[in-house]
Structure formats: structure tokens, C-alpha cells
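Let's take a walk through this one together. Have the sequence and the coordinates open, and follow along as we go from one region to the next.

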Amino acid sequence: MDGLSFDIRISADDKPLVSIRDFTLAQNQITLLLGESGIGKSLISRGVYGLLDPAELTVSVNNLPYPEYLLSQRVRGIQRAGFFVFQEPSSHLNPLVTLGDQLREGALAGASPGREVLRALWEGSAGQDLDSILAVYPKPYRPSGGEKQRILLGMALEKIDMLPPAKRAGPDELFVFDEPSGSLDNHYRDLFLTLLFDRFRRRPFTGLVITHDYSMISRIANSHSDLLDRVVFRELARRHGTLQVSDFQPGTYTGWVKSLLPLGALSQASRGQEPLLTIAPDVEVFGRRLVITKDPEGKVPTRLEVYPGSMVYVKAPSGTGKTTLVKRVMGLIHEGSIEAKLKNLQLTGATPRKFWQDRIWGKRMTMVFQHADEALNMQSTMRETLLGLPLRKPLDTDGIARLVGDLFDTAEAGEVLGKRVRFLSGGQKQRLNLLRSLALDTDVLILDEPLNGLDFDSATRVIAILDRKMKAGMGLLVISHNEEIFDALAGDTHTYYLHIRRDSDRPSY
Amino acid sequence: MKTEGEGTAPARPRLFARKETRWIFLWLGGIAVLWGWDLLFLNPPAFALVRTALFNSLLASVLVVVFSMALGWASGLALYYLEERGKRNIHLAVTFVLNLLRSLPQIVGILLGYVLLTFLIVQDVLRSPFLQLVSMSAVVSLFVFLEVTDLIRERIAYYRSLDFFDAMICCGIPERRIINVEILRKNSLAHLVHKAVAVFGMAIFLQCSIDFIISVGLSTDMSSTNFPATLGSLLARMDSKQDILAISMVFSDISYWSSLFFRHLQGLNIAFMIMFTLACTYNVANGLVRRYHL
């Protein structure tokens, strides 16, 4: 294959972080690098792009010590001709310069003054919004993560527009997009992919899109199928203790998605049963009035019901308050009002905390939080995390092995059980985050972005466990941006929509 | 980029690579050298007194650390639970008392405590020197422990603001375990050790200051003879003060400097021990701050 090939080794304090012999980027093609979060995708791409700090990490690229690699023509050329979009947009932007000025810095000074790219990325927003944002000095809270991400993506697309006309990409024209959809909802993710591939059709370049969002594959297969032979799908995974890049067949994922059916064999039979959890359609939290409906337009408020053996999926655009809603349902937020019933227990805004502690948390209902990094104790080992659970029958060595075996291979389990959580990869943390709640065997399990940071193999395993738990009578309430997966798993009957009720809205019930 | 064999400093033994460990060993070494010197050149009664004073000061400071940690932990947790359980009136009352304590200058508060101790000693209630040392430490900790309270509350508040706390409580893990084990023991040990070192240094400083103030004589009822010997009280003795004043002799007669280390050993010894211990404590704390990014 005509491409850029790298042998990269990265270590910190004599501890090897990444070692990969054959990391190849196909020239004139876009490589979609998949894999669970925290496995080293960003580190490798930063290493290639010459963005690592040799004072903090010991790095060699193609057997060159890093300081020498940084001075090489290859790195200088890549940095001059290409662009790197960072995963965390805030770290890319200068807080002392307005966004508008940053859009015209350095090589972007010669970009089109009309800002057509950004306007395209703001499609659906009022033009004024973009202009007001461009006058802002970026702060952690303003503009939003999604807006910052779109600004950066806009910069990269503008740089692509500045490439001289050619039929083939130059050797240094490398554009890296590290988790470009991390802060975007599906609409803007699809918009970005369209803009990127339109440019690629007109003028080829070498691209690397790093992501753990496998649903990008479906989008490419469905909307950009003409480019399927020019997009290389690769997956980075740790196998037998070593990091390996292998080809990933897009059909593996798309075929699997097509094969998904509503989970839970009991879902039909459960109709005659009492719901495990019922939530009245009107919920108020932090002064925001939310309404649950069965229709996407939000016209018919509906009581949300979770039956034994069923999966309920709640959908809403980013920022509506899905996580806030489930935290309110879990009794973690006491502000506002809610009417809910968990089996025979009435839960309202006035239900005391002690009641939740004694009767509900970890006993009848529990929740998997979306950010495993925050939800787990980084200083505990994986074993300690599981042993600390208040189970009726405490876990013994065999019990832990059985539990962990659901989501970890035997060799991997042996390696990670005694490790502190902070040394696990993002995907391993997420699997532990899920295992901890699954081990409790509560009546209802709330899952907030359960597939966050997981690779394809882990995602399929998680879904198999959820299916098993549902067959045993557990009720699931899921919020996730993986719409194509959970739409299929929950089915129309169990899909609800969350809306913000405006003052002008009239109750229709 | 670290490449083997070029431009790298010779590897330091792992133990001494850490600043805090280096300073602990430096302190031990310094005290050992001083001990040897005293053994050779300090008269035996004075040496016995210096030994007792050093031991008492260190023991009292360790006790201050223990008491402050216990009081800080208990009060931090009490305030947290009162707030969580909605006991607003009790929470307000406890906060008021603690703030009252905080508003009192440490040195004034400890002096008042020593007045009470003197009274108890005069009344023969506190007879044993060990009990007197424990009481002295308790008084000092009363005006130091709020630093630990603040740290405990700060650590709990930080973790409460993350999903960390909610995610655990949703799993049915008891609140007391989350706070005591998951937050304070597993995630705040470095902060607590750093605070303990700081409290130790503060205890040495406050104790020496108070003992010195009392010993130079604030009243006829209170004197250093009421309390066990400490570095502060020994420094305030006439012979120690003369030893320190002897340093000024060097300005008029430069050849006198060598006599300082033989004829004026007691006072200089005590002053050095205090300063050296405080400097080492500062550096140990500083090393911990750097290593754990506190």
C-alpha cells in the first residue's frame, strides 16, 4: 500500500505506554481508526504529527529519537501542509484571542474571508449566532464544547480548501481529526462527514479520523458509499498483551446493526405485568420543565413505563436534560418536582434521602454513569471496586472471575484485576463501570451512554449481557446517542422522547 | 528525550530521588551529628537537659498531629452530616463555635490554655509530666485542628461535585464508607500526610514560641518550671540566652567564633535544633506538594 508507515514506541518513567511496529496511513485515502477509548489512538497520532513533549515522554519514531524526528522534513512538512484537530477543543484554542482572530492565524490567514465553511457547519443555527460566537474569547464554559469543536473542524476544512489543485495528495498533506464527533450530536456529526467527504471527492488528501463512534461506519456506508473503496477502516486493539492495528470490515458493523432486534424475550409477556418503574410525563428540574412524550414532535405527553424484561430508550437532542432527568429519577437531585413509582414505592420531590439510601439505591434501582473516569475510584484496584459492593452474598474469587469474565477475556482479566483503575484504558474503565452496576441485580437499571468508549467487540458483549439480564426480569432505562443501535434494541413501543416545555406550550392532557 | 549514556545525570538512589525523603534523612543526619558533638563537648547535665527537651518537644508535636487529625476528621465529618441531614440549627451552632475558635489568634488562645494548665498544675491535678505534655499538646491542637477540618470538608466537597460520589451511592455503598475509605483514605492520603507535616511544623513553632514567652515571664504564677522541659523553655533559660548573645562577640573579636561551638554549645544547640527542624519540615512538606501536585 502506498502510504506513510511508522514504527512508534512511547514510554513514560520507563513504563511502556504504546509500542506499535506497523502503523500505516494510506496516502490519498481516509483512514478511520476505530477502537476503545484510552487505548492509545490519540497518543500514536500525536506522536506521528510531532506533538508529544520529549521532556515528558520517551518516544522513538521509525527508530529515530524523538528530538531528531521533530526536526525531520517529514514532520515539518506535515505540520505546514496539514492540520490536527484535537479531541479536547479547549486545549486547541487560545483564551486570549477571539475565535474570529484565531480563524485567521498562521497558515489560515489566506483562507476565504466569507467563512463559507463555518456557515455550512452552523446550518440550522441563525447566522447571527456564528457572528456573535466569533467575537468571543474562548473560555471553558463559552462557547459550548460542540461549538468549539465545530470551529476547529471549520479551521481544518478551510485548510483543506487552501490545498493547491492536484489529482493526488502530496506526501505531507495529512489531516488528523481526533474524535471529531466527541462533542457533536448526530446532526452535526453527519454534516461534518458530508463536508469532509465532499472536499475529498474534489481534491484527495491523506486523512486520519480517530473515533470510538462505530456508527460513523453506517453513515459512511449509507451516505458516502461511493467512497467506500477510498476509506480504510482499521481497528486498534490490545491482543495477547500487545497493541495491534488490523483491518476492520465495515460490513461487520453494518450487518450487526441490521441484525439487531428488540431485546428481552419477556417484553411481550411482560405486558400483563405491573410496570417496575413509572414516571409521570411532567418533570421539573432546576427551573426547567421537561415533558416525556411518545411522539418525536412532543405533542402527546405520556407516562414513561419500564416493564420487567423491557428496555426503554429515551431520546432527545444534546443539552435537553436527559442525564438530569435520570439523576432526578434516581433521587440524586432533590430540586424540582417529579412523580414516579418504583414497584409499590411512591417517589416524589419530598421523598427523604434516607428512604433512597435504605430502600432504593443498589437494592431496587441503580445507574451506570456516562463518564467512567468520574464514576470510578481511580485509586482502587478493579478487584477492590467489585469487592466493595454491598451484595447479599459477598463476591469470592470465583464470583469475581465469573463476573469479570462477562466482559473481559481470561488473559486480560488476570492482567487487570489487580491494577488500579487509573491505569486501565478508557474502554476497560467503562466495562468495569458497567459490571459494577450489573453485579447488583436490581429491578431497574438506568444506563447513561452505556456504550461510551467501547470497541465493537465489547459493545456486542455488553448488549448480550443486557439481553440476559432482561430475560431474568430486569427493566432497563437507557439514554444514549447511539440511536441506530438503541432504536433497534428498544423498538418503537419502548422509545420515548424528552422535550423542554416552553411557556407558550399548552398542556394537551 | 532521554537517550542512554548521553546528557543524563547520574542515577540517584531511588530513595533520595524524592525531596521529602532526602530532607527526612538530612534531619536525622543533622540531629545525629549534633548528638555526637554534644556527647563530646557539652557538659553531661546540660546534654541530659537538651535530650529531654528535644524528646518532649518532638513527642508533644506528634501528639498535636494526632489530636488535630482526630479533631479535624471528627469535626469535618460532623459538619458534613449535619448539613446533609438538614440539621441547620445545630450546624449553625457548631460552625459558630468553630469560627469563634478560628477568630482567636493562635498564640493568644494557647496562652489562655496554658493559664488553665498552670492552674491545674498548681492545684496538683496534673502531676505526671507525661500528662502535662499531653495536656499541652491538646491545648495547641485546639487552635490548629481547624486546618484539618477545612481540608476534610474541601476534599469531601470536591468529590461530591463529581459523579464519583453519586455513582457509588447509587450502587448502595454506604455514605460513611464512601467518605472515610474511598474519598479520605484512598484519594486524600497525600493531602492528609502533607497537612500532618505542616501541623507538625506549626506545633514545634507554636510550642517553642509559647514556652519561650512563658519562660521569660509573663507572670509570677507561670514559669517554665511548671511544665516539662521543651526546646522553647530551654532556649529561654538564662544560660541559653547568654550563649546566643555570645554570637555578637564575634563582631568585636573574630577569633571568638571557635569558642561558640564549645563554650556556648547549649543555647546554640537549641536554636539550631529549632531552626533546622522547621526548615526540614518545610522542605518535606514542599516535596510532598511537588510530588503529588497538591
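This is a predicted model: local features need pLDDT of at least 70, side-chain atom pairs count only at pLDDT 80 or more; totals for chains, interfaces and linings use all residues.

Let's begin where chain B meets chain A. How many residues of chain B are in contact with chain A? On the chain B side there are 22, and they are in contact with 30 residues of chain A. The size of an interface is often given as the accessible area lost when the parts come together. Here, chain B and chain A bury about 2300 Å² between them, and 54% of that is on carbon and sulfur atoms.

E84(B) takes part in a salt bridge with R353(A), where the closest N and O atoms are 3.4 Å apart. As for which elements of chain B do the touching, α7 (163–170) and α8 (175–217) each supply at least two residues of the side facing chain A. α7(B) gives the most, with eight residues. Sort that side of chain B by residue type and you get 10 nonpolar, three polar and nine charged residues.

Now jump into chain A and look up D213(A), which sits in the loop between β8 (206–210) and α9 (215–223). Is D213(A) buried or exposed? Its relative accessible area is 7%, and buried means under 20%, so D213(A) counts as buried. Its side chain makes a polar contact of 2.5 Å with the side chain of S215(A). Leaving out residues up to four places away in sequence, D213(A) also touches L34(A), S181(A), R189(A) and N482(A).

The last stop is strand β15 of chain A, residues 311–315. This strand is mostly covered, with five of its five residues buried. In a regular strand the side chains alternate between the two faces of the sheet. You can trace that in β15(A): M311(A), Y313(A) and K315(A) point one way, while V312(A) and V314(A) point the other way.

Which strands does β15(A) pair with? One is β20 (residues 475–479) of chain A, which runs parallel to β15(A) and is joined to it by four bridges. Within β20(A), I479(A) is the bridge partner of V314(A). Another is β21 (residues 495–500) of chain A, again in the parallel sense, over three bridges. There, Y497(A) in β21(A) stands opposite K315(A).

Conventions: Residues are numbered from 1 along each chain as its sequence is written. Chains are lettered from A and ligands numbered from 1 in the order in which they are written. Side-chain values use heavy atoms; hydrogens and water are left out. Contact means heavy atoms within 4.5 Å. Buried area is the accessible area (1.4 Å probe) that two parts lose on being put together, summed over both. A salt bridge is a side-chain nitrogen of Lys or Arg within 4 Å of a carboxyl oxygen of Asp or Glu. Ala, Val, Leu, Ile, Met, Phe, Trp, Tyr, Cys and Pro count as nonpolar, Asp, Glu, Lys and Arg as charged, and the others, Gly among them, as polar. Buried means under 20% relative accessible area, exposed over 50%, partly exposed in between (1.4 Å probe, protein chains only). A polar contact is a pair of N or O atoms within 3.5 Å; within protein, one must be able to donate a hydrogen and the other to accept it, and residues adjacent in sequence count only if both atoms are side-chain atoms. Two strands pair if DSSP finds at least two bridges between them.
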